[in-house]
Amino acid sequence: ERLAQVVTNLLTNAIQYNKPDGEVRVKLESQGGLAVLAIADTGQGIAPENLPRVFERFYRADPSRTGAGNAGLGLSICKAIVEAHGGTIEAASEAGTGTTFTVRLPV
C-alpha cells in the first residue's frame with residue numbers, strides 16, 4: 001500500500017509539472033536483484049541548484065507552487081517509504097527538458 005503511494009505521488013508530479021501535450025514515461029525492469037522503476041516527464045525540469053533539495057521536507061523549488069495538496073511533503077514521504085523498504089530513490093533533471101525519478105527496491 002505504501003509503495004502504491006510512492007508510484008501515485010511520482011505520477012501525479014509528472015503530470016502536474018509537465019508541459020501541455022507533454023509525455024510521461026513509466027519503465028519497470030529487473031536489474032541484478034532490484035526492481036527499478038523510472039518515471040520520466042517532459043516538463044519544465046528542476047534547476048540544478050534545487051535538485052539536491054527536492055527530497056527535503058517542506059522544500060519547494062518554486063514558492064509560488066502553494067495551495068491545496070502542495071505542502072512540499074510528497075517527495076520526502078516517497079523517500080521515507082522507499083528507504084523503509086530497503087530501497088533508494090533519486091532524481092535527474094534538466095531545466096526545460098524534464099525530470100526522471102528512479103526508484104530501486106530489492107526483490
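Strand E1 (residues 24-31) and E2 run antiparallel, joined by eight bridges. On confidence, the mean pLDDT of the protein is 89, with 87% of its residues reaching 70 or more.

**Strands and their pairing**

- Two residues lie between the strands in the hairpin of E1 and E2, where Gly32 takes a positive phi near 50 degrees.
- Strand E2 (residues 34-41) is mostly covered, as six of its eight residues are buried.
- E2 also pairs with strand E4 (residues 98-106), in the antiparallel sense and over seven bridges. Within that pairing, Ala40 stands opposite Thr100 in E4.
- E4 pairs with E3 as well, again antiparallel and over seven bridges. Here Glu94 has Gly98 in E4 as its bridge partner.
- The hairpin formed by E3 and E4 has three residues between the strands, and Gly96 in the turn shows a positive phi of about 80 degrees.

**The largest nonpolar core**

- Which residues touch the most other members of the largest nonpolar core? Among its 18 residues, they are Val6, Leu10, Phe55, Ile89, Phe101 and Val103.
- H1, E2, H2, strand E3 (88-94) and E4 each supply at least two residues of this core. H2 gives the most, with four residues.
- Ile89 is worth a look for its neighbours: leaving aside those within four places in sequence, Ile89 is in contact with Leu10, Phe55, Cys78, Lys79, Val82, Thr102 and Val103.
- As general background, nonpolar side chains tend to be buried together in soluble globular proteins.

**The aromatic pair**

- How many aromatic pairs does the model have? The count comes to one aromatic pair.
- The ring centres of Phe55 and Phe101 are 6.0 Å apart and their planes sit at 85 degrees, so this pair is edge-to-face.
- Distant parts of the chain are linked by this pair: Phe55 is in the loop between E2 and H2, Phe101 is in strand E4, and 46 residues separate them.
- Phe55 has a relative accessible area of 16%, so Phe55 is buried. Phe101 counts as buried too, because its relative accessibility is 8%.

**Helix H2 and Ser76**

- The buried residues of H2 are Leu75, Ser76, Cys78, Ile81 and Val82. What covers them includes H1, E3 and E4.
- Ser76 has its place in helix H2 (residues 74-84). Its relative accessible area is 10%, so Ser76 is buried.
- A polar atom of the Ser76 side chain lies 2.9 Å from the backbone oxygen of Leu73.
- Not counting residues up to four places away in sequence, Ser76 touches Phe55, Glu56 and Arg57. One of these, Phe55, is also a member of the aromatic pair.
- Just after H2, Gly86 takes a positive phi of about 80 degrees.

- Is Asn9 buried or exposed? Asn9 counts as buried, because its relative accessibility is 18% and the cut-off for buried is under 20%.
- Asn9 is found in helix H1 (residues 2-16).
- Leaving aside neighbours within four places in sequence, Asn9 is in contact with Gly74, Leu75 and Cys78.
- With Gly74 there is also a polar approach: the backbone oxygen of Gly74 lies 3.3 Å from a polar atom of the Asn9 side chain.

**Where to be careful**

- Over residues 63-68, pLDDT stays under 50. For this stretch the model has five contacts beyond four places in sequence.
- In general, where pLDDT is low, the predicted coordinates should not be read in detail.

Note on methods:
Residues are numbered from 1 along each chain as its sequence is written. Side-chain values use heavy atoms; hydrogens and water are left out. Buried means under 20% relative accessible area, exposed over 50%, partly exposed in between (1.4 Å probe, protein chains only). A polar contact is a pair of N or O atoms within 3.5 Å; within protein, one must be able to donate a hydrogen and the other to accept it, and residues adjacent in sequence count only if both atoms are side-chain atoms. Contact means heavy atoms within 4.5 Å. Two strands pair if DSSP finds at least two bridges between them. pLDDT is the predictor's confidence in each residue, from 0 to 100. Rings of Phe, Tyr and Trp (its six-membered ring) pair if their centres lie within 6.5 Å; planes under 30 degrees apart count as stacked, over 60 as edge-to-face and the rest as tilted. A nonpolar core is a set of buried Ala, Val, Leu, Ile, Met, Phe, Trp, Tyr and Cys residues joined through side-chain atoms within 4.5 Å.
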